Every structure is written in C-alpha cells, then in structure tokens.
Amino acid sequence: MKSFLSILIIAVFFLVWESAARLGLIDTQFIPSFTTVMKEVFSLMRNGSLFVHILASVGRLFSGIVLAVALALPLGFMLAGWTPRLADFLNPLFTNLSMANPFTLVPIFILLLGMGEASKIGIIFWVVLWPALFSTIAGVTQIDPEMIKAARAMGASGTKIFFSVILPGSVNRIFTGVKSSVTFGFTVLVGAEMIGAKAGLDFIVFTSNQNYNIPRLYVGILTIAVVGVIVSRLIERLQKLIVVWEDGAGQAA
Amino acid sequence: MLSSAVREIDERENGAMPNKIEMNNLSQVYYVKSGESSKKSVFYALKDFTLSVRDGEFVVVVGPSGCGKSTLLGILSGLFKANSGSIAIDGETVTGPALDRGFVMQNYALFPWRTVRKNVEFGLEIKKIPKRERLAISGTYIDMVGLSGFENRYPHELSGGMKQRVAIARALAYDPKVLLMDEPFAAVDAQTREKLQDELIRIWKKTSKTIIFVTHNIDEAVALADRVVVMTENPGTIKEIVPIDLPHPRVSVGAGVSESYSAFVKKIWGLLHNEEESLESSRL
C-alpha cells in the first residue's frame with residue numbers, strides 16, 4: 001500500500017511536469033517536457049551509450065566501496081578488539097576526517113592520483129572508509145558483553161568468538177554505516193566526474209550542458225537519481241538478506 | 001569457627017559420598033572509591049569462602065546484592081580468577097572456562113543471529129560434535145525444556161521465559177557436570193518464574209546435575225534448594241547454611257505452601273535481615 005502510494009506520487013509528479021510543459025506554463029527551452037526527455041533516454045539506450053555511462057559510474061562506485069570496506073573492516077576489528085582504548089582516542093580524528101568536505105578534496109585527489117580513474121575511485125574510497133571504520137568499531141564495542149561471556153564460559157576459542165559472536169554481532173551496524181556513506185559517495189562521485197572524465201553519469205550532464213543539449217542534460221539528472229536509488233536499495237536488500245535475525249527496530253535480543 | 005561449623009555440617013550431610021565441587025578459602029578483593037574521599041577502600045567480595053557440594057546436589061546461594069554471589073559464580077565458571085583459594089571439580093583444579101560447567105545468566109545472553117536450535121548447538125560446535133549428532137542432541141534438549149516446534153525461531157521472536165528455557169537447554173546440551181545459574185529467573189514475571197522453577201526441578205531430577213544457583217529471592221531459594229547458603233556482604237562469607245529437607249514439589253498451586261516451608265523462608269529472611277541491620281549500625 002505504502003509503495004503503491006509512493007509510485008502514485010511519482011507518477012503525478014511526471015504528469016504535472018508533462019502538462020506544465022504542454023500548457024506552456026514552463027519554458028521548454030530550459031525545462032523540456034517529460035516525454036522529450038524520455039525520447040532522449042530511449043535514443044541513448046538504443047545506441048548503448050547510456051549503459052556505458054552507468055557502468056562507468058557504478059564501476060567506480062563499487063571499486064571504491066570494496067577497497068574502503070576491505071581496509072576498514074580488518075582495521076576496525078583490530079582496533080576495537082585489541083586496543084579499544086586506542087580506538088577511543090582515534091575516534092575524534094576519524095570523525096574529523098570524515099567531516100572534511102569531499103568536494104573540496106577533489107583537487108587534492110587529482111593532484112595526487114592524476115586525472116584518471118584512480119582519483120575518482122580514491123574519492124569514493126575516502127568517503128566510505130571513515131564511516132565504515134567507525135561503524136565497525138561501534139559495532140564491535142556495542143556487542144553485549146554477556147554474549148561474549150557466555151561464549152567464553154563454554155570454552156570458545158578466540159577464533160570461534162570472532163566468527164560466531166563478534167562478526168555476526170557487528171554486521172548490522174557496519175551495513176548501516178556503509179549504506180549511508182555509499183549514498184553520499186555516489187553524490188560525490190558525480191561531482192568528481194565533472195573533471196577529466198571520459199564517461200560517467202555526470203559526464204553526460206557536463207557535456208550536454210556545454211553542447212546546450214538540454215534534454216540530454218535532464219537524462220543525466222534523471223539517470224543519476226534512479227541509479228542512486230537502485231544502488232542504495234541493493235545494499236538494503238543485501239543487508240536484509242544477511243541480517244535475517246533482526247526485528248524491525250534492529251533490537252538485539 | 002564458622003568454617004569449622006560448615007565443615008561439620010558438610011560431613012554429616014555427605015556421609016561417604018564424594019564431593020563434586022570443593023571450594024577452598026576463595027577470596028576476591030576489589031578496591032573501590034568510597035564516598036567523598038579519593039582514598040580507595042578494600043571491598044571483600046569473597047573472603048575465605050569454603051564450601052563443598054555433593055554430586056547431584058542443588059545448592060542455592062542467597063545474600064544481599066553485592067555480597068559476592070555473582071563473583072562466586074564467575075570464579076566457578078573460570079571466567080575470573082580468585083585472588084586466592086582454589087576450586088576443584090571431581091578432584092580436578094579449575095583453571096579456566098571449560099565445558100564441564102554450564103552457565104545460565106540472568107539476561108539469557110542468547111545469540112540473536114542464531115535460531116533456537118543453533119543457540120543450543122553452540123557448545124556442541126566447540127566440542128566438535130558432528131552436525132548430525134548435534135541435531136539429535138539439540139532436539140533432545142529443546143524438547144526437554146518444552147520448546148519443540150520453536151527450533152527455527154530467532155530469540156527476538158520468543159518471550160523472556162522461553163529465552164531462558166533456550167539458555168538452559170544451551171547450557172545442558174554439551175552435558176556439563178555442573179550447572180551454574182546466576183539469577184536466571186529474575187527477569188521474568190512471577191507466574192513464569194514459578195513455572196520455570198518447576199521445570200528446573202524436573203530437569204534436575206532427570207539429568208541429576210549438580211546445580212549452584214544464585215538468587216536474592218528467598219522464596220525461590222526455599223522452593224529449589226537442597227541447601228541454602230546465606231551470605232553476608234563485605235566480607236562475602238557464609239553466614240549460615242540451611243538444609244531444606246522438604247519433598248518436591250514444595251509449592252502447589254491450590255494448597256500454597258506448607259508451614260515448614262514458611263518457617264524456612266522466615267528463618268532465612270531473619271538471617272538476611274539481621275545482616276542488613278548490623279550493616280546499618282556499622283555504617284552509623
């Protein structure tokens with residue numbers, strides 16, 4: 001029912017947009033009608049270039065996420081597990097680093113990593129790394145110590161405790177941290193693609209703007225929105241697939 | 001003088017039976033900040049705690065909160081090491097946690113990502129028991145605690161009483177010699193508590209485990225114990241051991257409790273109350 005309503009509201013939005021364009025309420029030179037934009041979408045789909053751009057952006061996004069998570073998880077587990085006090089001390093630093101506006105860091109990344117793929121993946125890596133790191137630490141430190149006590153009382157080894165208590169006990173928190181940073185990372189990526197990209201979703205927006213191809217500009221805007229939603233939904237799905245034991249409130253029993 | 005009296009009682013009770021657990025002069029000291037002054041004072045959670053428990057005996061430890069009864073269980077489980085003294089189970093000195101003791105905690109401490117069955121099988125996995133056998137064993141104990149049909153539920157789908165049944169099944173599944181229970185029924189409502197007490201007695205008789213049960217509830221102590229160990233606070237020592245020689249079931253729904261049952265409750269209450277009074281006067 002709720003999802004039906006959401007779809008209805010989106011449909012109404014497109015309908016209003018289309019009608020406004022047709023009735024001449026908006027200047028179609030700057031805001032072309034919805035159907036004009038959709039025509040452009042189909043033409044870009046036919047020649048395959050839309051998919052090339054989507055793939056380029058999503059590929060960068062996932063490379064960045066995978067690298068960030070691959071570093072953040074082991075580092076977070078080590079910090080929280082072996083040196084919880086050090087993790088405590090480092091927490092303000094992590095928070096500050098994650099607060100640094102990634103858009104302002106784009107020039108620095110380009111300076112350090114060049115104009116190519118590396119700097120774009122690097123930006124995503126940066127944006128995802130810190131939240132992933134401190135959600136891992138938070139995930140580990142918030143595990144009910146009674147559970148670890150119970151496992152230890154049964155003579156569980158360190159490895160058993162890690163794989164059977166710490167890892168499943170923190171995975172939900174880690175997912176939540178990564179999920180929010182990925183949505184943000186996608187936004188930042190689009191900004192990074194304005195500079196020196198040969199493909200990518202924002203490349204569409206940027207080049208269309210320069211060529212005054214206004215309908216195509218809107219294709220870029222719409223596609224970014226849709227792909228962003230799909231990516232965050234996919235991560236949500238994955239979380240639900242893995243974290244099957246949580247009740248709605250995320251309460252641990 | 002007190003410990004010699006304890007030993008006397010023990011010998012009289014034991015006869016020729018070998019003791020399952022021997023606790024010898026256990027002491028555990030904490031240094032705590034007291035009041036306004038920054039000077040730390042010594043807090044004896046346990047002091048020269050000596051107790052022998054027979055095989056298959058049900059011992060309940062009662063005392064005011066902070067009297068060291070949870071510390072005692074922590075040391076028995078092997079999670080903590082006492083400052084001094086020793087524990088032996090079947091003549092073997094306890095050096096750390098092991099599967100010869102099962103631990104049931106007040107807040108269940110179930111693993112929320114594991115189903116009832118997988119929770120019960122946790123200790124069996126540590127014991128490296130093959131999957132097929134695990135399945136059979138967990139089935140037996142889930143059935144024993146009356147949770148057949150709930151094998152594949154997750155803890156958040158269960159009530160407090162059911163969770164504690166799972167915790168009991170988990171502690172029994174790997175067949176420990178001794179069951180340690182730390183206020184296991186404190187978090188459930190009165191009705192559920194009575195039911196769980198009945199079930200525990202039934203399970204105890206069926207499995208003939210040795211049980212050390214900690215509570216601050218006097219009624220619960222009298223309802224369950226072969227012997228009630230009444231503790232004092234700071235220093236945490238044994239004030240008196242009260243043998244309860246009443247047949248089970250001691251509480252029946254219709255008839256309530258017998259006169260001798262009430263007498264035991266009153267006696268233990270008196271011992272604890274006296275304790276509180278003396279504490280108050282010492283604080284003045």
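**Entry: strands E9 and E10, chain B**

I looked up B:Arg227 and found its bridge partner in E10(B), which is B:Pro243. The model I am reading is predicted. I then followed the pairing of the two strands. Strand E9 of chain B covers residues 227–231 and is joined to E10(B) by 5 bridges. The two strands run antiparallel.

**Entry: the sheet**

Next I traced the sheet that holds these strands. In chain B, 6 strands form an open sheet in the order E6-E7-E8-E3-E9-E10. The pairing is mixed. I checked the edges and found strand E6 (101–104) and strand E10 (238–243) of chain B there. Each has a single partner strand, so one side of each is left without a neighbour in the sheet.

**Entry: where chain A meets chain B**

I turned to the contact between the chains. Here 18 residues of chain A are in contact with 20 residues of chain B. On the chain A side, helix H7 (145–153) and helix H8 (158–192) each supply at least two residues. H7(A) gives the most, with 6 residues. I sorted this side of chain A by residue type and got 10 nonpolar, 2 polar and 6 charged.

**Entry: helix H9, chain A**

Which residues of helix H9 (residues 201–210) of chain A are buried? I listed A:Leu201, A:Asp202, A:Phe203, A:Ile204 and A:Val205. I then looked for their cover. It includes helix H3 (49–82), H8 and helix H10 (214–242) of chain A. Last, I looked just after H9(A), where A:Tyr212 takes a positive phi of about 55 degrees.

Notes:
Residues are numbered from 1 along each chain as its sequence is written. Chains are lettered from A and ligands numbered from 1 in the order in which they are written. This is a predicted model: local features need pLDDT of at least 70, side-chain atom pairs count only at pLDDT 80 or more; totals for chains, interfaces and linings use all residues. Two strands pair if DSSP finds at least two bridges between them. Helices (H or I, at least four residues) and strands (E, at least two) are DSSP runs, numbered from the N terminus. Two residues are in contact if their C-beta atoms, placed from the backbone, lie within 7 Å. Ala, Val, Leu, Ile, Met, Phe, Trp, Tyr, Cys and Pro count as nonpolar, Asp, Glu, Lys and Arg as charged, and the others, Gly among them, as polar. A residue is buried if 20 or more other C-beta atoms lie within 10 Å of its own, exposed if 12 or fewer, and partly exposed in between; C-beta atoms are placed from the backbone.
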